[in-house]
Amino acid sequence: MTAPITAASIALDGGVLAAEDAAPEAAFIPSRGFWGHVGHRLVRDPVAVSAGALILLVVIVAILSPWITPMDPYKGSMLRRLRHVGDATYWLGSDELGRDMISRLMLGARLSLFIGVTPVLIAFVIGSAIGILAGYVGGWTNTILMRTIDVFFAFPSVLLAIALSGALGAGIFNSIVSLTCVFVPQIARVAESVTTGIRRRDYIDAAKLSGASALTIMRVQVLGNVVGPIFVYATSLISVSMILASGLSFLGLGVRPPEPEWGLMLNTLRTAIYVNPVVAALPGVCIFIVSIAFNLFSDGLRSAMEIRQ
Amino acid sequence: MSVIPDAPDPFAHDRGGPAQPLLSVSGLIKHFPVRKTGGKKQVVRAVDGIDFDVLKGETLGIVGESGCGKSTTAKLLMGLIARDSGHMLYDGQAIGERAMPWRSYRRQVQMVFQDSYASLNPRMTVEQSIAFGPKVNGVPGREAVERARALLARVGLEPKRFAGRYPHEISGGQRQRVNIARSLALEPRLVLLDEAVSALDKSVEAQVLNLLLDLKAEFGLTYIFISHDLNVVRFISDRVMVMYLGRVSEIGPSDTVLDAPAHPYTEALLASMPSLDPDNRTQAALLQGDPPNPIDPPTGCRFHPRCALAEGVCAEKEPPLDAIRPLHRVACLARQPGSGHSAAPGEALAA
């Protein structure tokens, strides 16, 4: 198998006809492309695969939760409050209002994931656009955009999220807006630096010479080369986003009761921490595990993309 | 016929007739500002007033040491960097003005870069890279891809095997063939080859050079061939231009310039080439040291600190680029009658 391929590729610099004779059709290697190689390497990384599988599991549970929860997550019972983990009826115990913990955790995954992932996705789109524009155009455009972005870096992200949420008022929509505002500058900065790194490459010059507009070059030539690193950075932000979102809910600026959300559950169970510490810690454990999984997956993705070319 | 929509009128294609230079450059200047620690503003005189013509159908070779302004000249000609001053006429029309805007000029002038890998987008297949130019110029997608495949076949790469490949999956020689195919995709008249074969190994280099000659004959191209390899330039060029420190030191037919050089710098360049004849080898280098700093070039003739023929007058008077024979112009006081140099030929001889 290898012999005809080598022979063919050597012969090809010489003449096509010779190569055609030497290499039968079977010698054709379909090209995988960059993302094909990344996927190939990713599935060989056990940590990334387990993290990815865990994320997938949580996502499936979150999507299906209204139909698969063992009990009604909203129905409490004053007589069966704060049951311990391993209870016959409440497998993971019950909360301070006697609602089934496992059902609430499953349904809570929905909101927690939603308000954790959505801001990062929106910020990925907006931040990439700003960063690529600033990096590609350079000059004054870059200075104005990036110095404006720098203003946001003056505040710690937790403080910024709380301040924006506080100003906008409580609610899911507002907390998504404020988290997006926290992440746009960070993603824009990464996008700007990777774009600046490639804007002087010869293939960008060659594209300019073909008469393509700046927008076409950014869309066709630049985007494909910068989207990978930006995406890796964005996935690493999901865990931060989930923790911040939970924090906002914990402070009463995000989701409102009785909707189950992990950060909010942590807040309401706080009062029971001396009575039933294990149950009170469960939402925190969920946040911890899911954000670790996102981080590990993003690490795996980054090393899978480190392909020497 | 052109497949590119709204391409220039074919009857207007060769506007000036065969005698009109395809590209005429005069007084081209590009200085790059540098900031020294003292805060004093200084400039690198990368290209400092060059004039030359590129005739229709010829190959003009541009040679010179590293840092002499060859690549800056290439980028200026392509408009990748803006010129500080100077005029460029394409087939008699001023580039960048209404009759010949950059956009329509670039459609007729393409460039092949030195680094075959850096000049191909690593995330695009070979076919996509070639089809990109025609596509942004309004050729429908499928037609552009078909054209890309035809060009691949023309440069000696079987489309079936190579069209879907990514740049890192093919060899350097194959990549440079792809770059050549891309430069031809917009049906240019002038192709600028900036060290296009310098990074290839010798056997592949020869094949690519032959391919370039074939393509030139087939598509009626004009080449500007930038290289530091005098043998390659001798092989491919009709005329040669020698650059030194941002200026033209000699320009003329390649056999004249390379076999009977008039400028001491050209002579030194030729002598610095290792000879294949063991009896003919020299130990002494004719060209000593590095070229002077282009921030602060020497007064008078820029070559005089390294020149064997240098005299007092060379440090004072800047030599003009004057014809010593028909078509052969040299910027050296020792070759110009009445210059005040002791080796200068007499007035009568020149007349």
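User: At what angle do helix 3 of chain B and helix 4 of chain B pack, and how far apart are their axes?

Analyst: One begins with the angle between the axes and their separation, keeping in mind that this is a predicted model. Helix 3 (residues 126-136) of chain B packs against helix 4 (residues 141-154) of chain B at an angle of about 120 degrees, and the two axes are 8 Å apart. The two helices of chain B, helix 3 and helix 4, are therefore oblique to each other, and helix 3 of chain B passes helix 4 of chain B in a right-handed crossing.

User: Which residues meet where helix 3 of chain B touches helix 4 of chain B?

Analyst: Contacts are read from C-beta atoms lying within 7 Å. On the side of helix 3 of chain B, the residues are B:V126, B:E127, B:I130, B:A131, B:P134 and B:K135, and they meet B:G141, B:A144, B:V145, B:R147, B:A148, B:R149, B:L151 and B:L152 in helix 4 of chain B. By class, this contact of helix 3 with helix 4 of chain B has 9 nonpolar, 1 polar and 4 charged residues.

User: Is helix 3 of chain B largely enclosed or largely open, and why?

Analyst: Burial is a matter of counting neighbours, and a residue is buried if 20 or more other C-beta atoms lie within 10 Å of its own. In helix 3 of chain B, 10 of the 11 residues are buried, so this helix is largely enclosed by the rest of the structure. The buried residues of helix 3 of chain B are B:V126, B:E127, B:Q128, B:S129, B:I130, B:A131, B:F132, B:G133, B:P134 and B:K135.

User: What covers the buried residues of helix 3 of chain B?

Analyst: The cover may come from either chain, and here it includes helix 9 (202-209) and helix 10 (214-250) of chain A, together with helix 4, helix 5 (159-162) and helix 6 of chain B. Helix 3 of chain B is then followed by B:G138, which has a positive phi, near 95 degrees.

User: How does helix 1 of chain B read by the burial criterion, and which of its residues are buried?

Analyst: The reasoning is again by count: 8 of the 9 residues of helix 1 (residues 70-78) of chain B are buried, so helix 1 of chain B is largely enclosed by the rest of the structure. Those buried residues are B:K70, B:T72, B:T73, B:A74, B:K75, B:L76, B:L77 and B:M78. Just after helix 1 of chain B comes B:G79, with a positive phi of about 75 degrees.

User: How many residues of chain B and of chain A take part in the contact?

Analyst: An interface is read by counting each side, then asking which elements supply it. The contact takes 37 residues from chain B and 28 residues from chain A. On the side of chain B that touches chain A, two or more residues each are given by helix 2 (102-108), strand 6 (109-112), helix 3, helix 6 (172-184) and helix 7 (202-219) of chain B, and the residues of that side divide into 14 nonpolar, 13 polar and 10 charged.

User: What does the domain assignment of chain B give?

Analyst: A domain may be built from more than one segment, as its bounds show. In chain B, the assignment gives domain 1 (19-122 + 185-277) and domain 2 (298-351), and the C-alpha centres of these two domains of chain B lie 24 Å apart. In chain B, 15 residues of domain 1 are in contact with 14 residues of domain 2. Strand 10 (247-253) and helix 10 (264-271) of chain B each supply at least two residues of the side of domain 1 that touches domain 2, and strand 10 of chain B gives the largest share of that side, 7 residues.

User: How many helices and strands has chain A, and how do helix 5 and helix 12 of chain A pack?

Analyst: Chain A has 12 helices and 0 strands, whereas chain B has 12 helices and 12 strands. Helix 5 (residues 101-137) and helix 12 (residues 277-305) of chain A pack at an angle of about 25 degrees, with their axes 11 Å apart, which makes helix 5 of chain A roughly parallel to helix 12 of chain A. The contact is made by A:M101, A:L105 and A:G108 of helix 5 and A:V279, A:L282, A:P283 and A:C286 of helix 12 of chain A.

Conventions. Residues are numbered from 1 along each chain as its sequence is written. Chains are lettered from A and ligands numbered from 1 in the order in which they are written. This is a predicted model: local features need pLDDT of at least 70, side-chain atom pairs count only at pLDDT 80 or more; totals for chains, interfaces and linings use all residues. Axes are lines fitted to C-alpha atoms, for helices over the stretch in contact, and angles run from 0 to 180 degrees between N-to-C directions. Helices (H or I, at least four residues) and strands (E, at least two) are DSSP runs, numbered from the N terminus. Angles under 35 degrees count as roughly parallel, over 145 as roughly antiparallel, 65 to 115 as roughly perpendicular and the rest as oblique. A crossing is left-handed if the near helix is turned anticlockwise from the far one by less than a right angle, and right-handed if clockwise. Two residues are in contact if their C-beta atoms, placed from the backbone, lie within 7 Å. Ala, Val, Leu, Ile, Met, Phe, Trp, Tyr, Cys and Pro count as nonpolar, Asp, Glu, Lys and Arg as charged, and the others, Gly among them, as polar. A residue is buried if 20 or more other C-beta atoms lie within 10 Å of its own, exposed if 12 or fewer, and partly exposed in between; C-beta atoms are placed from the backbone. Domain bounds come from an automatic or database domain assignment.
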